[in-house]
Amino acid sequence: MLRIRKLTVIVIQLALVASCTFSTGSAKTNGREKITQDDLKEWLTYLASDELEGRNTYTEGLGLAAAYIAEHLRSWGVKPGGPNGSYFQRVSVLGIKSENNSTITVEANGQTRTFKNKEGVAFPANVGGKRSVTSDQIEFVGYGLNAPLVKHNDYAGKNVKGKTVVWLGSTPLKGMDGRQYFRMLGGRSRYATEQEGAIASIGVGFNRRGQGVGQAAGQGEGQGQAPAGGPPGGNFGGGQSDGSDFTTVQRLDSPIPPSVTGQDEFFEFLFSGADVKYAELKDKAAKGEPLPSFTLKNVRLTFNLDANYRVVRTQYTRNVVGVIEGSDPKLKDTYVAFGAHYDHVGYAEGEVTQGANGPIRTGARGRVTEGAIEDRIWNGADDDGSGTVTMMGIAKAFATGAKPRRSLLFVWHAGEEKGLLGSRYFADYPTVSMDKIVAQVNMDMVGRNRDNKSEEANTVYVVGSDRISTEFHNITVDADADLAKPLKLDYEMNDPTDLEQVYYRSDHYSYAAKGVPIVFLTTGLHQDYHANTDSVEKINFEKMARIGQYGYEIGARTANLDHAPARDNHGPRVGKGSEGKLAL
Ligand SMILES: [Zn+2]
């Protein structure tokens, strides 16, 4: 799972933002029984061994892992799913220099002004393809936050679908811990457009200490790792030593909802015809006091998105792709997809040195567990060696057993830890048309207990299943009930206001962003997460095999449906304490 580095400056911006009455056949064939602890253990013992050196993207270790997966697919008769009869899909990771001439024209209070990028407003370096977006329905939404834990929702009773939202507040409201809420503050643009249906958003920059960063927002992006899940444009930072403004694997001509951060002169003009003056709002926001919300009447905005992009660097990695053909002549050109990421974060190149407070591992790739400083390799057994081998188990079970009606697509994604590179690439350059994929099952960290608690031994966290297709959610519930020993399905991490924003943090999100119903299975974080002690002897293979069987059953049921699960897009509804199916 993607870890969010602690940035010294967190820049917020938009570019940043019927019960199933089919017969499955699987109960009869019990193909899922072919997913065994022994297989999973054998494969993971290799993939998480020191020999693979932590499977970092662009390394020999990752290449060995790719070859290992492909060899097994071949031996089971899984067909190559990449181009030219290959199991590998090359992923081009591009460093992009952006010459951004975007503007926003504001008509307010009978006057018109155009603000150029970096002159009172800042656009992200990646604004997507050239286009113009006009909006005359503008809603001021206070802080732009929905935080039920502190009973605060700026969107309560509002419908911002198709509108532009504006918020203020570089720091959270009084009573909200900024350290806890920084990810939510940083995700306001995305929340507005993706959860509330806004077409554009205007906000303020901020940093973690809570000082507005204003114009610096334009330069701050791309530092360090991506914010949670990264903005929709794939602007996840890539180090700028190559002169790039951002790194991406995605198409540069795709539309991205406009998002700008503004400075005082911009907001003063924007609010010039409003009953409440900007100075008053700014003052309240600076003190963390409640803000009103209102419609900005007689205001018209035109976003002119206009950036020229130049590729200044190209790096290659690869997804591993396999296909199992379905048995139904009509349905077999549609797919149920499975995904896991096979990369991890690599190894420390530096040596152990003596610091003032004890030994230091120079070049650590993540946390160094106390007492394990000599271990220089981040093996990533759980993250995501566990999903990698569980998916191999599912592929083997289907390949060597009964075939469902639809085809099955297996993608082992590369570069997840660097910002969902493999899945974002796949979603923009799919090997089968995305609209032929009826659902995607993603597994990331499925081999442990959350926080290492023994009472979690039967629990799997289910994220995202209800958001796009209620019918698919219900399939995932029924599939579990069919297991010899059902797992406890926990929806806590599906809450849209989840502070960890888990829904955006693994590869399924790349598919969900294209409208594909997804389910993300994970057993949660623990003290070895991104530590050099995430190793194979800590994996619970009994539990992992059952999660594999659960994934198999979800896939079999979905692939045997005579229709694609209906996409009703009702958004997140199940959360902490939820159980069972939803009414269709
Ligand atoms: Zn990870």
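His530 is buried in this predicted model, with a relative accessible area of 4%. The residue is also one of those that coordinate a zinc ion, through its NE2 atom.

**Zinc site**
- The zinc ion is coordinated by Met1 (N), Met1 (O), Asp383 (OD), Glu417 (OE), Glu417 (OE) and His530 (NE2), at 1.9 to 2.6 Å.
- The six donor atoms subtend angles of 56 to 153° around the zinc ion, which makes their arrangement irregular.
- Asp383 belongs to helix α9 (residues 381-399), whereas His530 is in the loop between β26 (518-522) and α14 (541-560), so this pair ties together parts that are 147 residues apart in sequence.
- Asp383 is buried, with a relative accessible area of 0%.

**Thr164**
- Thr164 is part of strand β10, which covers residues 164-166.
- The relative accessible area of Thr164 is 0%, so this residue counts as buried, a term that applies under 20%.
- Leaving aside residues up to four places away in sequence, Thr164 touches several others, among them Ser135, Gln137, Ile199, Ser201, Leu301 and Phe303.

**Glu33**
- Glu33 is located in the loop between α1 (26-29) and α2 (37-47).
- With a relative accessible area of 44%, Glu33 is partly exposed.
- Glu33 and Arg546 are separated by 513 residues in sequence, and their C-alpha atoms are 9.2 Å apart in space.

Terms used:
Residues are numbered from 1 along each chain as its sequence is written. This is a predicted model: local features need pLDDT of at least 70, side-chain atom pairs count only at pLDDT 80 or more; totals for chains, interfaces and linings use all residues. Side-chain values use heavy atoms; hydrogens and water are left out. Donors are N, O and S atoms within 2.8 Å of the metal (3.2 Å for Na, K and Ca); water is not among the atoms, so sites may look incomplete. Four donors count as tetrahedral if all angles lie between 85 and 135 degrees; four count as square planar and six as octahedral if opposite donors are over 155 degrees apart and all others between 65 and 115; anything else is irregular. Helices (H or I, at least four residues) and strands (E, at least two) are DSSP runs, numbered from the N terminus. Buried means under 20% relative accessible area, exposed over 50%, partly exposed in between (1.4 Å probe, protein chains only). Contact means heavy atoms within 4.5 Å.
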